[in-house]
Amino acid sequence: MSSPVGMTHFPKAQSTFKPPLIANENAFLGDVASSEKIDAEKPISCGFYRLEKGTPLVYTYTYHEMKIIVEGSFDISDETGKTVHAVAGDVFYFPKGAKITFKTDDYGLAFYTGQRKEGAA
């Protein structure tokens, strides 16, 4: 495997990238970048997750993920009953196997990086 030289830049991705609908009527997620093509054995992928008011999203992680809230807010709970009201600047780690529920009274936008192949969320 050869190492890439330089970097890839995604200008103003927070405001210009529109993730596609992935679940219910209100859950949107899309990868912006992935290392899969240069490191297929241990890829990481990153992008944006947006949830709008409506149906909560319940998701069981099949990979490790880090998430930072960049706009709005979420109410995030796990299977133990722990709940956090997440706002811009909050950072989360969701381990593989975690069952997480995301809700919002308005909308929330988060940037994530997951240890998975592109599009494998």
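## Exercises on salt bridges, strands and a pocket

Lys67 and Glu65 form a salt bridge, with 2.5 Å between the closest N and O atoms. This is a predicted model: local features need pLDDT of at least 70, side-chain atom pairs count only at pLDDT 80 or more, and totals for chains, interfaces and linings use all residues. Residues are numbered from 1 along each chain as its sequence is written, and side-chain values use heavy atoms, with hydrogens and water left out.

**Exercise 1. Describe the setting of Glu65.**

Step 1. Glu65 sits in strand E5. Strands (E, at least two residues) are DSSP runs, numbered from the N terminus.

Step 2. Check burial. Glu65 has a relative accessible area of 2%, so it is buried. Buried means under 20% relative accessible area, exposed over 50%, and partly exposed in between (1.4 Å probe, protein chains only).

Step 3. List the contacts (heavy atoms within 4.5 Å). Leaving aside neighbours within four places in sequence, Glu65 touches Phe92, Tyr93, Phe94, Tyr112, Thr113 and Gly114.

**Exercise 2. How many salt bridges does the structure hold, and which residues form them?**

Step 1. Apply the criterion. A salt bridge is a side-chain nitrogen of Lys or Arg within 4 Å of a carboxyl oxygen of Asp or Glu.

Step 2. Count. There are three salt bridges.

Step 3. Name the pairs. Lys67 pairs with Glu65. Asp31 pairs with Arg116, at 2.7 Å between the closest N and O atoms. Arg50 pairs with Glu52, where the closest N and O atoms are 3.1 Å apart.

Step 4. Arg50 has 25% relative accessibility, so it counts as partly exposed. Glu52, with a relative accessible area of 28%, is also partly exposed.

**Exercise 3. Which parts of the chain does the Asp31–Arg116 salt bridge tie together?**

Step 1. Start from the pair. Asp31 and Arg116 form a salt bridge. Asp31 lies in strand E2, and Arg116 in the segment after strand E9 (107-114), so the bridge ties together parts that are 85 residues apart in sequence.

Step 2. Check burial. Asp31 is buried, at a relative accessible area of 16%. Arg116 is buried as well.

Step 3. The side chains of Asp31 and Tyr112 make a polar contact of 2.6 Å. A polar contact is a pair of N or O atoms within 3.5 Å; within protein, one must be able to donate a hydrogen and the other to accept it, and residues adjacent in sequence count only if both atoms are side-chain atoms.

**Exercise 4. Ala27 is found in strand E2 (residues 27-34). What does Ala27 touch?**

Step 1. Check burial. Ala27 is buried, because its relative accessible area is 0%.

Step 2. List the contacts. Not counting residues up to four places away in sequence, they are Pro20, Leu21, Ile22, Tyr49, Arg50, Leu51 and Leu57.

Step 3. Compare sequence and space for one of them. Ala27 and Arg50 are 23 residues apart in sequence, and their C-alpha atoms are 6.0 Å apart.

**Exercise 5. Which elements give two or more residues to the lining of the second largest pocket?**

Step 1. List the lining. The lining residues are Ile76, Ser77, Asp78, Glu79, Lys82, Val84, Phe92, Tyr93, Phe94, Pro95, Ala98 and Ile100.

Step 2. Assign elements. Strand E5 (65-78) and strand E7 (91-94) give two or more residues to the lining of the second largest pocket.

Terms used. Helix = DSSP H or I, 4+ residues; strand = E, 2+ residues; numbered from the N terminus. 1 Å grid on protein atoms, 1.4 Å probe; cavity = no way out; pocket = protein on both sides within 12 Å on 5 of 7 lines; lining within 4 Å.
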